[in-house]
Amino acid sequence: MSFYSSLFISICITSIGIMSMYLLLGLSGIFSMGQAAFMSIGAYAAGLMAIKTGLPMIINIPIAIAVGMLVAGFIAIPVIKLRRDYVALVTVSFGEAIVALLNKLTNLTGGSLGLNGIPRSMNMPLAIVIVAVCLYMVLNFKKSKYGRQCLAVKSDEISAAAMGINVRNSKMLVFVLAGGFTALAGAMWAYLTTYVEPNSFGQKLSVEWIIMTFIGGSNSLSGSIMSAVILKILPEILRFADSMRIIIYSVIVLIIINFRPQGLLGERELSDLFRWLKKKVMGSHQKEQKGGNS
Amino acid sequence: MNIIQLIINGISLGSVYVLISLGFTLIFSVLKFSNFSHGGVMVVSAYFGYIIARQFGFGLIPTLILTAIFGGILSSLVEVIGFERLRRNNGDIMLYFVASSTLGTMLQNIMAVTFSSTYYSYPTFFKKPYFELFGGTFTIPVSDTIMLGVSTTLIIILMYIIYKTRLGVSIRALSMDSQTAKLMGINVSVVVFMCFFISGVLGAISGVFLGINYVLYPQLGQMVFKGFTASIIGGLGNISGALFGGLLLGLSEVLLIYFVGSGYSTAIIFILTIVFLIFRPQGITGKIVSEKV
């Protein structure tokens, strides 16, 4: 597989991860700092299924998503009841615990050596289709009743509850959905690299995702996905050391938080740009017509 | 290995956790957010202590004092860079989270770049690393004893500051209601600044102890989550809660590592925390910061 196509697929994977972060951070204000753990769950579920049973990818990926959603459902039980600080803690220690367990359960997961020999079945067209479907789902979720409920919960839990929104249910829904998306990203990752090891899904990855979401603007889906794409391509061009890259991202985030707290795009979406352009073009067209008449 | 010896080890490990969790309990009670950058301050100070102990051959106590001052200054710097502007603009709580976790990651990665990811270990400060009690029935590491002693002293000093001094009164007033405190003529900026300084001092000392206990590596900052877990168990934003929680966590961790091994102990402690959160979210001491309309 060429360098460019694997870079492209890894961008797709990151975008799916960022969509889950957008669901959590942008739509409902759940501050999850251990989202990468769900990626490892998805990756291990898909990898184990592929190695132990030899089933094709088309069956394994849905199984991985289901496992991710199931685990997210369990974690959501404390998460939906708690204040934001506690949520951050629960998700962080969940991430740590998963990494420790994957390292420890050597019989099943191969410990720190990781799982080897997953077939490389991920290719570019499939990745594009998956991303498109995910994007469609997230966009529609945002527009749906549930998405609007989540936005209300994010801005003020108490008044949302007073308006008759079931706060816990909507948080639960978002958390489980995000878990499913991240597990999908993990399964794709397993089928791309053919190899999974526990330490690549540590807390560093979760923080990186938070950073990516915030640079573009956590309220804008297109903003966060665009910043994910750019931040994924830039280091490949500039060839930074890994730690240096994180430092540079952190500086960017600090500047953005201090001087433009809503992120680069704010609340704007790409579709707004199209609407604006259309208006512009139509408007000038109408003017021309008027000019012709007079 | 004796059960009493395990308990002693647990208490001294717990006392370090108490220091960590006090460091951000202080910030939490004033600004109402969890300061993840505390881990970064801890790591940078631990490296600083390592350098002055290695290069200049300082003893333990001078190293601790210098590192504490360094940590205090670093933490205040973090406040100025990360939170000063946010505080003035009444930023959303989410932004505090992002700023603090980014700052923590950044400090850790700066250490990773400068010192690369190799492991360093502190010089041995003591000629004889163990006490022997009762003719050798118990062997207690000297570093553990000193950790316990220093932490206890610091906790007493902190209690004195919080409950007896003018600064402490301002801190407590600010933790109740920042608007009213401001109207009563408390200089909020100065108090927040001092809080960050004190928490930096505590963080630096716990960083040095963690460096002595384990080895130095950039990811040592993850230890901040132990302090975080401790204050959750005890009750977030509550000083006596941090005390109970830290000791309980240290004890249970040492016992779990002895009986089931270090890999599973992380998972068991996670499950215990979850159970605790489901059934008693306000922690042992029972105060909870509830959201108001």
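**Exercise 1.** Check the span of helix α6 (residues 124-143) of chain A against what its residues should give.

*Solution.* Helices are DSSP runs (H or I, at least four residues), numbered from the N terminus. The expected span is 1.5 Å times one less than the number of residues. For the 20 residues of α6(A), that should be 28 Å. The end C-alpha atoms are 29 Å apart, which agrees.

This is a predicted model: local features need pLDDT of at least 70, side-chain atom pairs count only at pLDDT 80 or more, and totals for chains, interfaces and linings use all residues. Residues are numbered from 1 along each chain as its sequence is written, with chains lettered from A and ligands numbered from 1 in the order in which they are written.

**Exercise 2.** Find the buried residues of α6(A) and what covers them.

*Solution.* Buried means 20 or more other C-beta atoms within 10 Å of a residue's own, exposed 12 or fewer, with C-beta atoms placed from the backbone. Ala127(A), Ile130(A) and Val138(A) are the buried residues. The face turned away carries exposed residues, including Tyr136(A) and Lys143(A). The cover includes α1 (3-28), α9 (167-193) and α11 (221-238) of chain A.

**Exercise 3.** Describe the contact of chain A with chain B.

*Solution.* Contact means C-beta atoms, placed from the backbone, within 7 Å. Each chain's share is 39 residues from chain A and 39 residues from chain B. On the chain A side, α4(A) gives the most, with 15 residues.

Note on methods: Helices (H or I, at least four residues) and strands (E, at least two) are DSSP runs, numbered from the N terminus. Two residues are in contact if their C-beta atoms, placed from the backbone, lie within 7 Å.
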